[in-house]
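Please look at the structure shown below together with its sequence. The report that follows describes selected residues and their surroundings.

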Amino acid sequence: MRKLWAGRTSGATDKTADDFQSSISFDARMYRQDLTGSMAHAAMLAATGIISADEAKTITLGLEGILADLENGALTPDPAAEDIHMFVEEVLTERIGTVGKKLHTARSRNDQVTLDLKLYLRDTLGGIREQLRALLGTLSDLGEEYAATIMPGYTHLQRAQPVTFGHHLMAYAMMFLRDDSRLSDCLARMDESPIGCCALAGTTFPTDRQLEAQILSFSRVTKNSLDGVSDRDYCLEALSCLSLIMMHLSRLSEELVLWSSWEFGFVTLSDAYTTGSSIMPQKKNSDMAELIRGKCGRVYGDLMALLTTMKGLPLAYNKDMQEDKESIFDALDTVVNCLSVMTPMLATMTVHEATMHRAAETGFINATDLADYLTACGMPFRDAYRAVGELVRTCIAEGKTLTDLPLEKYREVSPLFEEDLYDAITLEACVDRRTSEGGTSPASVLSQVAYVREKIGQTTGNEK
């Protein structure tokens, strides 16, 4: 294929160099965005009188034909093309003749590729937001169903205080809700059209950047042409958002791995999202959760790769910036795939409520409530803390729990203890009394569920 930039040079690059610098193998996925941008550009050129209305119509029909043929498989990107932009322009010129060469008036590949990438990110990040909302809907349904299911809460992976399973799951819902908000902010910041910046300095043609931005549904245009073609903040911000999503997915995956182990036995993952062992017939491995956990590092790597690429680049465009696409595409694909697995994996798991409750009965996780009991009786909290610590030590020595210890043992530590202490330290009481906003009481959990559903536009568990 003849190089469209031949002129100053012969365009006769070495085959190895051609392959090395070609991006069509990965940027071909932006063909819809490239064609959409070109149609808008043709409309703007006609509206400003740079080309005639008939020429714009011919160009647009040609572009629509290319899009239809790419969609139905009648046309496939030529691997010998340098990139998707040159492929489209070459095919267009072959089909409609010399008028096709006018499309690139007042445009450079520098602003064209930035436009394509922003359009692609806008489409794909919008899809990821929909996936996040589906995940949030599933977490809300589970949070409601298990709002009163008691389990041990942990710090340092040691049993700490009783919580409900619904409360635990709603913690992840809050994380993913922030992820959705971050993507919204990211999309708002990238909502400015770079087309018209040209190579770096703008153009001498009487273009209308505002019109072209409006056609492409951008709310504004970039204010500096150098920045417009050399900025990749929007990619880096998107990668940062995607990295946080993966971190949250990884943490949830780690919990699923632990909970589904024999040691915990809190949940059983569906056979559809687990695998077996090639040698140990009894095994049921949480491979999907483990893979999600593992792929987190991959997305972190994509972020660090592009940060490193961009850190020393002078203005404006440099070929190094071609490295942006493989990083962002890989991260997008990874997050899409992980979300597509996580949501149904959660929705189909079996929750073992009795096992969770039994686990919460040991480990003295009601000790804080016992200290609160003494504090409510007038003892300073630090003194109450010390007294309960002594009681726990006694229980460990005698192989008892706090609910098994007789009242006389309690009164050896403090005369403030009365028979009602046993009611105060039941797991149900420990949970039910935590009514502070954001706490683990069933009523508080249901309030959290309602909050998330309001944010995602889901009013009940039956409305998906």
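The sections below take up charged residues, a surface patch and some features of the backbone.

The structure is a predicted model. Every value given here should be read with that in mind.

## Asp27 in helix α2

Asp27 belongs to helix α2, which covers residues 24–27. The relative accessible area of Asp27 is 1%. Because buried means under 20% relative accessible area, Asp27 is classed as buried.

Leaving aside residues up to four places away in sequence, Asp27 touches Asp83, Ile84, Lys325 and Phe329. For Ile84 there is a further detail: its backbone nitrogen lies 3.1 Å from a polar atom of the Asp27 side chain. Arg298 is 271 residues from Asp27 in sequence, and the C-alpha atoms of the two residues are 20 Å apart in space.

## Asp302 in helix α11

Asp302 is part of helix α11, formed by residues 287–310. Asp302 is buried but has no salt bridge. The nearest side chain of opposite charge is that of Arg298, at 5.3 Å. A salt bridge requires a side-chain nitrogen of Lys or Arg within 4 Å of a carboxyl oxygen of Asp or Glu.

What does Asp302 touch, not counting residues up to four places away in sequence? The residues are Leu239, Ser327, Asp330 and Ala331. In the case of Ala331, the backbone nitrogen lies 3.4 Å from a polar atom of the Asp302 side chain.

Arg107 lies in the loop between α5 (84–96) and α6. Arg107 is also buried without a salt bridge, and Glu89, the nearest side chain of opposite charge, is 5.2 Å away. The side chains of Arg107 and Ser38 are joined by a polar contact of 3.0 Å. When residues up to four places away in sequence are left out, Arg107 touches Gly37, Ser38, His41, Gln112, Ile195 and Cys198.

Ala106 is placed in the loop between α5 and α6. Although Ala106 is not a glycine, it has a positive phi of about 60°. Ala106 is buried, with a relative accessible area of 8%.

Helix α6 spans residues 109–145 and includes Glu144. Is Glu144 buried or partly exposed? Glu144 counts as partly exposed, because its relative accessibility is 39%.

Glu144 and Leu446 are separated by 302 residues in sequence. In space, their C-alpha atoms are 6.0 Å apart.

## A nonpolar patch and a cis peptide bond

Leu200, Leu226 and Leu315 make a nonpolar surface patch of about 270 Å². One of these residues, Leu226, lies in helix α9 (residues 225–230). Leu226 counts as partly exposed, since its relative accessibility is 31%.

Leu315 also takes part in a cis peptide bond, which joins it to Ala316 with an omega of about 5°. Ala316 lies in the loop between α11 and α12 (323–347).

## Phe364 between α13 and α14

Phe364 is located in the loop between α13 (353–360) and α14 (367–376). Its phi is near 55°, a positive value in a residue other than glycine. With a relative accessibility of 22%, Phe364 counts as partly exposed.

Terms used. Residues numbered from 1 in each chain as written. Predicted model: local features only at pLDDT ≥ 70, side-chain atom pairs only at ≥ 80, totals over all residues. Heavy atoms only, no water. Helix = DSSP H or I, 4+ residues; strand = E, 2+ residues; numbered from the N terminus. Buried < 20%, exposed > 50% of the residue type's maximum accessible area, 1.4 Å probe, protein only. Contact = heavy atoms within 4.5 Å. Polar contact = N/O pair within 3.5 Å; in protein donor to acceptor, adjacent residues only side chain to side chain. Patch = residues over 30% accessible without salt bridge, like charges linked within 9 Å, V, L, I, M, F, W, Y side chains within 5 Å. Areas by Shrake-Rupley, 256 points an atom, 1.4 Å probe, with all protein chains shown as cover. Lys, Arg positive; Asp, Glu negative; His and termini not counted.
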